Amino acid sequence: MFDLVQQSYQTGWYTLDNVKTFVVANMITKDEYKQITGQDYDTVAQTQVV
């Protein structure tokens, strides 16, 4: 799943909110979120509603 989400984010098909949804659904980890987006999930999750 990580590879699919990463590729989709890099090509612009997924937004940050889309990628966060995969963390909430336990399909990728918070660490994988950071690898994909370059942003810390906990910091982003505190400032934005999922």
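How many aromatic pairs does a search of the whole structure find? I got two, counting rings of Phe, Tyr and Trp (its six-membered ring) as paired if their centres lie within 6.5 Å. The model is predicted, with local features needing pLDDT of at least 70, side-chain atom pairs pLDDT 80 or more, and totals for chains, interfaces and linings using all residues. Residues are numbered from 1 along each chain as its sequence is written, and side-chain values use heavy atoms, without hydrogens and water.

Entry on the aromatic pairs. I noted Tyr14 with Phe22, a tilted pair at 5.4 Å centre to centre and 35° between the planes. Planes under 30 degrees apart count as stacked, over 60 as edge-to-face and the rest as tilted. I then noted Tyr33 with Tyr41, which is edge-to-face at 5.2 Å and 80°.

Entry on burial (buried is under 20% relative accessible area, exposed over 50%, partly exposed in between; 1.4 Å probe, protein chains only). Tyr14 is partly exposed at 24%, while Phe22 is buried at 14%. Tyr33 and Tyr41 are both buried.

Entry on the helices (DSSP runs of H or I, at least four residues, numbered from the N terminus). I looked up H1 (residues 2-10) and H3 (residues 30-37), whose axes come within 9 Å and cross at roughly 30°. The axes are lines fitted to C-alpha atoms over the stretch in contact, with angles from 0 to 180 degrees between N-to-C directions. H1 is therefore roughly parallel to H3, the cut-off being under 35 degrees. Contact (heavy atoms within 4.5 Å) is made by Phe2, Val5, Gln6 and Tyr9 of H1 with Glu32, Gln35, Ile36 and Thr37 of H3.

Note on methods
Helices (H or I, at least four residues) and strands (E, at least two) are DSSP runs, numbered from the N terminus. Angles under 35 degrees count as roughly parallel, over 145 as roughly antiparallel, 65 to 115 as roughly perpendicular and the rest as oblique.
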